[in-house]
Amino acid sequence: MDTIENVWTLLAAIIGLLLALFKYIETPKRGWLYLSGFFLAHLLSDYYWTLYTLVMGENPDVSAGMAYFGWNAGYLVLLLLAWELQQKKAKHFFHPLMLLPIPIDLLQFRLYIRFGGILNNIWEGVLVTATVCICLQAILYWWKQDRTYVPWLHVLLLVFCVSEYGMWTSSCYDWVSDAKDPYYYFSIAGCIVFVCLSWSVGKAYEAQQLVYREKSAQEL
């Protein structure tokens, strides 16, 4: 089941990357560039991890820099994407609920640190928590102040980050069977988000009413 999960995650990252690249070629906006960079970085670790497990028959060491380099870079790009496509007014909005991920992350960090990988846990935990805070800020601003459009990008990013937290937490425990292991269900949720991210970036640009230069059929 682990091998199957590694393969479907790799395929989801490839599909997400292709969709983001096609969108960026058609409309060269920074949002799709960030999204392409995220998928490219994610693909680097997914590809390495999948090949390593297929050849060696075991997972790479949790502290291995190569195994986590792509994911670590991807979380940084994801944070930039969430900030870049947030409404300007939402960036100055504050609500106490947007700080909720911080104490939750501290509790989870105490759980994760028992398994090693101190630098990875600090880096990934801080970036994912910051991304969740930005997503909650955008969602709460829409809920409290402006309901002209749904911030689908930040909703999907929030689902992805929650799925990452779910995979990290569930991997810390032993489960009776794969069918009862929440890890795989969270992984499927993250893969579904991958396929929808390019669409959500487009919705964010439509909401900002940005006008693109018309291209000829030959250019397209």
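**Cysteines**

Cys191 is buried, with a relative accessible area of 9%; buried means under 20% relative accessible area, exposed over 50%, and partly exposed in between, with a 1.4 Å probe and protein chains only. The model is predicted, so local features need pLDDT of at least 70 and side-chain atom pairs count only at pLDDT 80 or more, while totals for chains, interfaces and linings use all residues. Residues are numbered from 1 along each chain as its sequence is written, and side-chain values use heavy atoms, with hydrogens and water left out.

- Zero disulfides (pairs of cysteine sulfur atoms within 2.5 Å) are found in a search of the whole structure.
- Cys191 is in no disulfide, and its nearest cysteine sulfur, that of Cys196, is 11 Å away.
- The sulfur of Cys161 lies 5.7 Å from the closest cysteine sulfur, in Cys135, which is too far for a bond.
- Cys161 counts as buried, at 2% relative accessibility.

**Aromatic pairs**

- The whole structure contains 13 aromatic pairs. Rings of Phe, Tyr and Trp (its six-membered ring) pair if their centres lie within 6.5 Å; planes under 30 degrees apart count as stacked, over 60 as edge-to-face and the rest as tilted.
- Phe38 and Phe194 form an edge-to-face pair, because their ring centres are 5.9 Å apart and their planes stand at 75 degrees.
- Since Phe38 is in helix α2 (residues 30–56) and Phe194 in helix α8 (residues 182–207), this pair ties together parts that are 156 residues apart in sequence. Helices are DSSP runs (H or I, at least four residues), numbered from the N terminus.
- Phe38 is buried at 1% relative accessibility, and Phe194 is buried at 2%.
- Trp152 and Trp199 form a tilted pair, with 5.9 Å centre to centre and 50 degrees between the planes.
- That pair links distant parts of the chain, with Trp152 in helix α7 and Trp199 in helix α8, 47 residues apart.
- Trp152 is partly exposed, at 38% relative accessible area, as is Trp199 at 46%.
- One aromatic cluster is formed by Phe38, Phe39, Phe160 and Phe194.

**Helices**

- Helix α7 (residues 152–170) has 19 residues and reaches 27 Å from its first C-alpha to its last, close to the 27 Å expected at 1.5 Å a residue. The expected span is 1.5 Å times one less than the number of residues.
- Because 14 of the 19 residues of α7 are buried, the helix is largely enclosed by the rest of the structure.
- Helix α2 has 27 residues and spans 39 Å from first C-alpha to last, close to the expected 39 Å.
- Gly57 follows α2 and has a positive phi, near 80 degrees.

**Salt bridges**

- There are two salt bridges, each defined by a side-chain nitrogen of Lys or Arg within 4 Å of a carboxyl oxygen of Asp or Glu.
- Arg30 and Glu84 meet in a salt bridge at 3.7 Å, N to O.
- With Arg30 in helix α2 and Glu84 in helix α3 (residues 65–84), the pair ties together parts that are 54 residues apart in sequence.
- Arg30 is partly exposed at 49% relative accessibility, and Glu84 is partly exposed at 28%.
- Glu206 and Lys203 also form a salt bridge, at 3.7 Å, N to O.
- Both Glu206 and Lys203 lie in helix α8, three residues apart, about one turn of the helix.
- Glu206 is exposed, with 55% relative accessible area, whereas Lys203 is partly exposed at 31%.

How values were computed. Helix = DSSP H or I, 4+ residues; strand = E, 2+ residues; numbered from the N terminus.
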